[in-house]
Amino acid sequence: MRKNLNSTEGTEAPVYQVRLPLSTATISTVTHLIRAHLKKIGSRWRKLPAGRIAVIVLAVLRHDQRLCDMAGGNNISASTVRRWVLEVTGLLAARAERLDRALRRINRKGGHAVLLDGTLVRTHRRAGSDNRRNYSGKHKSHGLLFLGITDSHGRPIWISAARPGRSSEITTARHNHITRHLSEAGLVPSPTSASPAWTTIPTTQ
């Protein structure tokens, strides 16, 4: 009896499509950042054009797509995707406005208050001693804590660097010297003022 040696499955991996809920302006901004960076460092060639790199990186950041999935669908390696994600993250972080400048800009525009909120970005459980530092007893999960400041209309103006998940919002605010920056920007009210210069919104996440 002759054996059937053919595989029951195809040799090509299936490919699926995902729609990114991002504006054209966002993709264009990231694309321009990549092109400017490549020109600055004198890199004349990449495996994919800047526009494709921008979409891949934004897919990883927005949808938490696995690196190997994005690599396989674009005929590149997972290490290349990881390098692009780190590269673009650094470019975006370099554009972020410093806290003191952001607060002074609010003051110049006539703002009298800012909103301060903390949120936990959930992460996978880490091995070793870092596991306990990133565990939030409040949220009963592992993650990293971020503080965000918005103007009185809720428009983001600044976000802090990541802190261990076990940190509290008050401790993180003290670590970033929020009160001192508010005072230097002229947003701290006088002793007779009834309204605070900043308001903490309890996180719901």
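Guide: Gladly! Let us start with a term: contact means heavy atoms within 4.5 Å. Please keep in mind that this is a predicted model.

Visitor: What do the buried residues of H5 pack against?

Guide: They pack against strand S1 (114-122), strand S3 (141-151), strand S4 (156-159) and helix H8 (178-184).

Visitor: Which residues of H5 are buried?

Guide: In helix H5 (residues 99-108), they are Leu-99, Asp-100, Ala-102, Leu-103 and Ile-106. Buried means under 20% relative accessible area.

Visitor: Why are the buried residues of H5 said to line one face of the helix?

Guide: Looking down the axis of H5, you find its buried residues within an arc of 165°, so they line one face. After H5 comes Gly-110, with a positive phi near 90°.

Visitor: What makes H2 roughly perpendicular to H4?

Guide: Helix H2 (residues 50-63) and helix H4 (residues 78-95) pack at an angle of about 85°, and their axes are 9 Å apart. Angles of 65 to 115 degrees count as roughly perpendicular, so H2 is roughly perpendicular to H4. The contact involves Ile-53, Ile-56, Val-57, Val-60 and Leu-61 of H2, together with Val-81, Trp-84, Val-85, Val-88 and Thr-89 of H4. Nine of the residues in this contact are nonpolar, one is polar and none is charged.

Visitor: In what sense do S3 and S4 pair, and over how many bridges?

Guide: They pair in the antiparallel sense, over three bridges, and strands pair if there are at least two bridges between them. Pro-156 in S4 is the bridge partner of Thr-150. S3 and S4 form a hairpin with four residues between them, and Gly-154 in the turn has a positive phi of about 85°.

Terms used:
Residues numbered from 1 in each chain as written. Predicted model: local features only at pLDDT ≥ 70, side-chain atom pairs only at ≥ 80, totals over all residues. Heavy atoms only, no water. Axes fitted to C-alpha atoms, helices over the stretch in contact; angles between N-to-C directions. Helix = DSSP H or I, 4+ residues; strand = E, 2+ residues; numbered from the N terminus. Parallel < 35°, antiparallel > 145°, perpendicular 65-115°, else oblique. Nonpolar A, V, L, I, M, F, W, Y, C, P; charged D, E, K, R; others polar. Buried < 20%, exposed > 50% of the residue type's maximum accessible area, 1.4 Å probe, protein only. Arc of directions from axis to C-beta.
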